[in-house]
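Dear colleague,

Please find the structure below, together with its sequence. My notes on the ligand site and on the pockets follow it.

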Amino acid sequence: MKIRWIEEKCIKCMLCVKDCISAVWRDIDGIPKIVAPDDCNRCSHCLAVCPQGAIEHDGLDHMQIKKTDAALINPEVYETIARGRRSVRRYKDKNIPDELIEKVINLVNHTPTASNSQNVGYLVVSDKKILRKISNAIFVFSTKIFYFTKKFPGNLIYKIIKLFPVSDTITRYIEPMQYYIDETKKGRDFILHNAPVLILVHAPKGAIFSNENCNISAGNIMNYAYSLGLGTCYIGFLNLSLKYSKKLRNLIKLPKGRMIYACIIMGYPAYKHANTASRKKPAIKWVR
Ligand SMILES: Cc1cc2nc3c(=O)[nH]c(=O)nc-3n(C[C@H](O)[C@H](O)[C@H](O)COP(=O)(O)O)c2cc1C
């Protein structure tokens, strides 16, 4: 990896040294020196912080590096997005142009990753048949559990589970299941909510921080999509199902060695949520 320090431009402010986490840049007798270029993790902090443009790096795309427009940073806009974004479970029967989906992915590609590994990938499923197959597989599995709770010994097991406080997560879906079944017969999709697009965020299977990298990206997908007038919903049921079902992993053609850590549906909302959310008070405990 070649990094070039342009001496004539450098004012020796040492910001490159101060901001370098990989110890590539070091202060040697008051001069910023590139000591270990091969240890560089390409985070581009040195280029971001240099006020003089005194660094060239052949491992980075200089065309992407632009001045941040500080005037555009507005906390109220961010607040409006964070408070206004809701999970969308009713979509218009309208496809999202590929370019718009790529716009979202290109932007969230700026999401941080541990050690700047940039190891997150995106599978975009927009084939209605595949989407339907995914929904059906998960829904049929859920109905089997429901019918199991209706007969011995399932009903006994269910009664015992209900005695435990954690049962809420299970009962919440089992109790209204008959309604879900009836509505599904009429065409409603309780799994992928008839969304036209599914984005599956993947990373190396079992690698340290794969989950974190994907889920931080997922948060950005949801917020940025909202700012573009798109609706999204995180589908945890699919996260779980993909973890255990090889059949589903084959269906989505998951590349070898990768695992899906976040699933998000996307589409044009059938209607708007005009009001912000109500949330429990945050559980903050100061440790001082
Ligand atoms: C990890 C996670 C898993 C979720 N799984 C599902 C899901 O499988 N199906 C669904 O409809 N919503 C799912 N949601 C959406 C939540 O139910 C939703 O975010 C929550 O009720 C708050 O509502 P809001 O997103 O509209 O503000 C999930 C959200 C998260 C963060």
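**The ligand site**

Arg85, Arg86, Ser87, Arg89, His193, Cys233, Tyr234, Ile235, Gly236, Phe237 and Arg279 surround the ligand, a residue being counted if one of its heavy atoms lies within 4 Å of it. This is a predicted model, in which local features need pLDDT of at least 70 and side-chain atom pairs count only at pLDDT 80 or more, while totals for chains, interfaces and linings use all residues. Residues are numbered from 1 along each chain as its sequence is written, and side-chain values use heavy atoms, with hydrogens and water left out.

Polar contacts are pairs of N or O atoms within 3.5 Å. A polar side-chain atom of Ser87 lies 2.6 Å from a ligand oxygen atom, and for a polar side-chain atom of Arg89 the distance to a ligand oxygen atom is 2.7 Å. Gly236 places a backbone N or O atom 2.8 Å from a nitrogen atom of the ligand. Of the 620 Å² of accessible area that the ligand has on its own, the protein covers 62% (Shrake-Rupley method, 1.4 Å probe).

Strand E7 (231–234) and helix H10 (236–244) each contribute at least two residues to this shell; helices are DSSP runs (H or I) of at least four residues and strands (E) of at least two, numbered from the N terminus. The shell comprises four nonpolar, three polar and four charged residues, where Ala, Val, Leu, Ile, Met, Phe, Trp, Tyr, Cys and Pro count as nonpolar, Asp, Glu, Lys and Arg as charged, and the others, Gly among them, as polar.

**The pockets**

A pocket is an open set of points on a 1 Å grid over the protein atoms alone, where a 1.4 Å probe fits, with protein on both sides within 12 Å along at least five of seven lines; lining residues have an atom within 4 Å of a point. A volume is the space filled by probe spheres set on the points, which are joined across faces, edges and corners.

The largest pocket has a volume of about 1700 Å³. Its lining numbers 40 residues, with Gln64, Thr68, Leu107, His110 and Thr111 nearest its centre.

The second largest pocket holds about 1200 Å³ of space. Among its 36 lining residues, Ile138, Ser142, Tyr173, Ile191 and Phe237 are the closest to its centre. By class, this lining has 24 nonpolar, eight polar and four charged residues. Helix H5 (128–148) gives the largest share of that lining, eight residues.

Yours sincerely

Terms used:
Polar contact = N/O pair within 3.5 Å; in protein donor to acceptor, adjacent residues only side chain to side chain.
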